[in-house]
Amino acid sequence: MSTGQDDSGNDVTDDSSGSGGGGKAFKFTIVDGKVTEVFEVKDGIEEPKPIDDDNGETYTVESEEVVRTEINAFGTEITRYADFDGDKLYSRISESWQGSDDSPGPHFRHDGELNYLSTEGDDSMAVRAGEDCSGGQGADDFYIREAGDLRIGDFKSSEDNSIIFDTGFGLTSKEELQGYVTDVHYDGDDLVVAFVNNVATITLVGVGADVSWDDVQVLS
Ligand SMILES: [Ca+2]
Ligand SMILES: [Ca+2]
Ligand SMILES: [Ca+2]
């Protein structure tokens with residue numbers, strides 16, 4: 001993956017750079033409309049990934065996209081991949097999760113799609129460790145579902161952006177979430193929020209004063 005950052009966050013025709021994909025690219029061998037091989041590509045090296053090794057995972061081809069569906073004891077995860085620029089390298093473009101309430105797993109509340117690539121409109125973005133997540137123009141929602149060192153590249157309260165915690169661990173209020181915050185400080189214009197035991201930090205790059213707890217929602 002290129003480390004070049006697409007500052008606009010709006011160019012969805014180029015899936016090889018910018019904020020999409022969570023730092024990974026994928027290659028698929030497609031024969032007669034069926035995915036027969038999957039490779040993860042990192043730094044130009046292709047690693048084969050097993051398909052359906054546990055009978056829980058299927059790949060289908062839907063027009064220009066490859067769709068991976070994984071069903072496990074906790075729920076169903078659907079990941080979509082696309083290759084907009086035709087270089088055979090696919091990026092993850094979205095994920096969605098549907099869990100069952102009586103499973104022991106994480107109970108995420110948002111069951112719509114979360115996107116890796118932004119548009120000029122209002123996006124629901126998946127914030128993943130490893131890259132700055134940018135929403136581009138529009139009133140974007142940034143969803144926090146995993147721990148790690150998370151970075152949001154273009155948070156703007158004045159654009160009606162929101163940070164939505166959907167951790168799956170049953171948090172019910174901002175007050176409860178704030179109980180896990182151990183440090184909040186500015187590093188230049190970047191706001192850094194640290195959580196207990198350093199399980200996660202969230203950095204709002206260049207946000208300055210354009211954010212408050214009013215921009216935060218807690219789903220789970
Ligand atoms: Ca591509
Ligand atoms: Ca947007
Ligand atoms: Ca935005």
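Predicted model: local features only at pLDDT ≥ 70, side-chain atom pairs only at ≥ 80, totals over all residues.
One open sheet contains three strands in the order β1-β2-β3, and its pairing is antiparallel. At its edges stand β1 and β3 (45–49), each of which has a single partner strand, so that one side of each is left without a neighbour in the sheet. From one strand to the next, the twist averages 30 degrees. Strand β2 (residues 34–42) is joined to β3 by five bridges, and these two strands run antiparallel. Within this pair, valine 38 has lysine 49 of β3 as its bridge partner.

The other open sheet is formed by five strands arranged in the order β10-β12-β16-β15-β14, with mixed pairing. The edge positions are taken by β10 (132–133) and β14 (181–187); each has a single partner strand, and one side of each is therefore left without a neighbour in the sheet. In general, strands of a sheet pair through backbone hydrogen bonds, in either a parallel or an antiparallel sense. Strands β12 and β16 run parallel and are joined by five bridges, with glycine 148 standing opposite alanine 200 in β16.

Strand β14 pairs with β15 (residues 190–195) in the antiparallel sense over six bridges, and tyrosine 186 stands opposite leucine 191 in β15. Two residues lie between β14 and β15 in their hairpin, and glycine 188 in the turn has a positive phi of about 65 degrees. Strand β15 also pairs with β16 in the antiparallel sense, over four bridges. The hairpin of β15 and β16 has four residues between the strands, and asparagine 197 in its turn has a positive phi of about 60 degrees.

The largest nonpolar core comprises 30 residues, and those with the most contacts inside it are Tyr90, Met125, Val127, Phe142, Tyr143 and Ile144. Two or more residues of this core are given by each of β1 (25–31), β6 (75–82), β9 (124–127), β11 (141–144), β12 (148–152), β13 (162–165) and β16 (200–204). In soluble globular proteins, nonpolar side chains tend to be buried together. Residues up to four places away in sequence being left out, tyrosine 143 touches His110, Leu114, Ser124, Met125, Ala126, Val127, Ile164 and Asp166. Two of these contacts, Met125 and Val127, are also listed among the core residues with the most contacts.

Positive phi values were also found in loops. Most residues other than glycine have a negative phi. Lysine 88, located in the loop between β6 and β7 (91–99), is a residue other than glycine with a positive phi, near 75 degrees. Lysine 88 is exposed, because 12 other C-beta atoms lie within 10 Å and the cut-off for an exposed residue is 12 or fewer. Aspartate 160, in the loop between β12 and β13, likewise is not a glycine but has a positive phi, of about 65 degrees. Aspartate 160 counts as exposed, with 12 C-beta neighbours inside 10 Å.

Notes
Residues numbered from 1 in each chain as written. Chains lettered and ligands numbered in written order. Core = buried A, V, L, I, M, F, W, Y, C linked by C-beta atoms within 7 Å. Buried ≥ 20, exposed ≤ 12 C-beta atoms within 10 Å, placed from the backbone. Contact = placed C-beta atoms within 7 Å. Pairing = 2+ DSSP bridges. Axes fitted to C-alpha atoms, helices over the stretch in contact; angles between N-to-C directions.
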